[in-house]
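Subject: Structure for you, with notes

Hello,

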Amino acid sequence: MKGKKVLIGITGGIAAYKSCYLIRYFVKAGAEVKVVTTENGLKFVGETTLRSLSNNNVYSDTFAEWNNKPHEHISITDWGDIFVVAPATANIIGKLANGIADDALSTSLLAFNRQILIAPAMNTKMYDNPAVQRNMEFLAANGVEFIEPDTGDLACGYEGKGRMAEPEQIFREARFHLDRSSLLAGKKIIVTASRTEESLDPVRYLTNRSSGITGFRIAEQAACMGAEVTLITGPTDQETFSKVKRINIITADDMFTAVDREFDFCDCLIMSAAVADISFYMSNDKIKKSGSGFELNTKDTKDILLTMGQRKEKQVIIGFAMETNDAVENAKKKLLTKNADLIVLNSISKENPAFGSGKNKVTLVSKDSVEELPSMSKEDIANVILEKTAEKLRSLSS
Ligand code: CTP
């Protein structure tokens with residue numbers, strides 16, 4: 001993202017305050033940001049805020065002499081690598097779809113000939129209006145990409161579809177266009193993520209602390225590298241990247257079935273999910289306490305990594321290991337017994353809580369090397385794992 005030039009368009013909707021976070025995401029990632037707003041956009045978020053966050057002047061008046069350039073609507077569009085309109089009202093969508101240019105934002109959007117991303121935000125009834133739908137369809141058919149609004153409580157008191165997607169999601173969709181590579185082009189990759197839940201009775205279940213962050217970052221980054229990604233995930237609050245096919249599962253058994261169905265068609269399986277090792281013969285009724293603990297009827301779950309490792313022909317398989325003692329030794333054993341090509345070892349400690357955190361410290365264990373990585377963001381870890389995956393895929397095909 002370093003050195004990339006991002007134009008952010010802001011229109012008059014309450015979600016404009018979220019655009020401040022969006023600007024932060026881009027700036028933090030090393031991009032340069034310039035903001036273009038409508039007059040109504042500035043009623044929701046102040047120019048000083050936008051200027052401070054973007055470190056650039058805010059462009060909102062077509063006729064103002066701006067940066068000593070009288071044709072700013074043209075020079076600003078030559079400058080930008082991508083144009084992200086968030087929030088986008090029905091009005092700006094309608095203007096762009098119909099070639100109307102009557103203010104700074106609509107004029108510069110019309111003059112912009114690279115990727116435009118639009119994050120609509122409006123009342124459900126407006127969003128469903130056939131005119132708005134037609135305008136969006138027309139723009140989508142002409143290369144504009146839409147980031148679907150979420151469904152939920154809307155500021156106008158309604159409940160439904162129309163709430164602007166979260167800034168983090170918008171940022172990720174934009175990054176796809178800015179940071180694309182072809183490292184994994186043409187490869188089919190299955191990623192498993194998060195945790196499984198095993199029911200004991202109608203009320204209780206056994207699970208673990210895995211948040212799914214690492215798996216979701218791997219899936220997104222693999223898509224940015226050109227792979228066709230299927231993400232098989234247990235319960236999590238992580239948002240799915242639009243270029244990733246997501247399959248939701250609950251139990252270890254469900255995850256086995258989903259991986260089993262896809263495995264023969266993939267080039268690589270990355271098992272980052274924390275799959276339960278045991279499940280239960282579930283009681284139909286709530287289990288009552290007996291005074292001496294619960295009596296639980298457990299059974300082993302099927303080991304997905306082991307099964308696919310035994311079955312693999314030309315696939316690369318990456319496993320994960322979560323260890324508290326003799327970590328490297330145990331990871332090496334897992335590498336061999338599960339016939340994996342790489343084990344990503346998480347060592348849990350006070351200094352490295354791993355679960356739920358944005359950072360982690362992992363060691364990559366393969367047949368001929370043990371590589372201890374420094375503490376880094378889960379996104380950077382995802383990139384390292386995928387670079388290794390690409391190397392292994394290359395050596396398989398050579
Ligand atoms: N795994 C799997 N199927 C299971 C359990 C685990 O595919 N039923 C995978 C995980 O996704 C991970 C790897 O196996 O990639 C290691 O999981 P882990 O729980 O650390 O190892 P286990 O083999 O279960 O051994 P142990 O719990 O004894 O350490």
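In what order do the six strands of the open sheet run, and is their pairing parallel or antiparallel? The order is E3-E2-E1-E4-E5-E6, and the pairing is parallel. Please keep in mind that this is a predicted model.

**The open sheet**

Two strands sit at the edges: E3 (58–59) and E6 (145–146). Each of them pairs on one side only. Further in, E1 (residues 5–10) pairs with E2 (residues 32–37). Six bridges link these two strands in the parallel sense. One point to find on screen is Ile10, which stands opposite Thr37 in E2. As background, strands of a sheet pair through backbone hydrogen bonds, either parallel or antiparallel.

E4 (residues 82–88) also holds Pro87. A cis peptide bond joins Ala86 to Pro87, with omega at about 0°. Most peptide bonds are trans.

**Two positive phi values**

Asn55 has a positive phi of about 60°, although it is not a glycine. Look for Asn55 in the loop between helix H3 (47–54) and E3. Ser194 also has a positive phi, near 70°, and is not a glycine either. Ser194 lies in the loop between E9 and strand E10 (198–199).

Which of the two is buried and which is exposed? Asn55 is exposed, because its relative accessible area is 60% and the cut-off for exposed is over 50%. Ser194 is buried, because its relative accessible area is 1% and the cut-off for buried is under 20%.

**On the surface**

A nonpolar patch lies on the surface. Its members are Ile14, Tyr17, Tyr21, Tyr25 and Phe44. Together they have about 520 Å² of accessible area. Helix H1 (residues 16–28) gives the largest share of the patch, with three residues. Tyr21 lies in H1.

Asn284 is another residue to look at. Its place is in the loop between strand E15 (278–280) and strand E16 (298–300). Asn284 is exposed, with a relative accessible area of 70%. Its C-alpha atom is separated from that of Asp326 by 40 Å. Along the chain, Asn284 and Asp326 are 42 residues apart.

**Inside: the nonpolar cores**

The largest nonpolar core has 35 residues. Which of them touch the most other members? They are Leu184, Ile218, Val229, Ile270, Ile318 and Val344. Several elements each supply at least two residues of this core, including E9 (188–193), H10 (213–224), E12 (228–233) and E18 (342–347). H14 gives the most, with seven residues.

A second, separate core has 30 residues. Met1, Val6, Val58 and Ile170 are among them.

Back to Leu184 for its contacts. Leaving out residues up to four places away in sequence, Leu184 touches Ile189, Ala222, Met225, Gly226, Ala227, Leu386, Ala390 and Leu393.

**A buried helix and a buried strand**

Why is helix H6 (residues 104–111) described as largely enclosed by the rest of the structure? Six of its eight residues are buried, so the rest of the structure largely encloses H6. The buried residues are Ala104, Leu105, Ser106, Thr107, Ser108 and Leu109.

Strand E20 is mostly covered too: five of its five residues are buried. Val362, Leu364 and Ser366 point one way from E20. Thr363 and Val365 point the other way. In a regular strand the side chains alternate between the two faces of the sheet.

How many bridges join E18 to E20? There are four, and the two strands run antiparallel. Here Asn346 stands opposite Val362 in E20. E20 is also joined to E21 (residues 369–372) by four bridges, again antiparallel. In that pair, Ser366 stands opposite Ser369 in E21. A hairpin joins E20 to E21 through two residues.

Best wishes

Methods:
Residues numbered from 1 in each chain as written. Predicted model: local features only at pLDDT ≥ 70, side-chain atom pairs only at ≥ 80, totals over all residues. Heavy atoms only, no water. Pairing = 2+ DSSP bridges. Patch = residues over 30% accessible without salt bridge, like charges linked within 9 Å, V, L, I, M, F, W, Y side chains within 5 Å. Areas by Shrake-Rupley, 256 points an atom, 1.4 Å probe, with all protein chains shown as cover. Salt bridge = Lys/Arg side-chain N within 4 Å of Asp/Glu carboxyl O. Buried < 20%, exposed > 50% of the residue type's maximum accessible area, 1.4 Å probe, protein only. Core = buried A, V, L, I, M, F, W, Y, C linked by side-chain atoms within 4.5 Å. Contact = heavy atoms within 4.5 Å.
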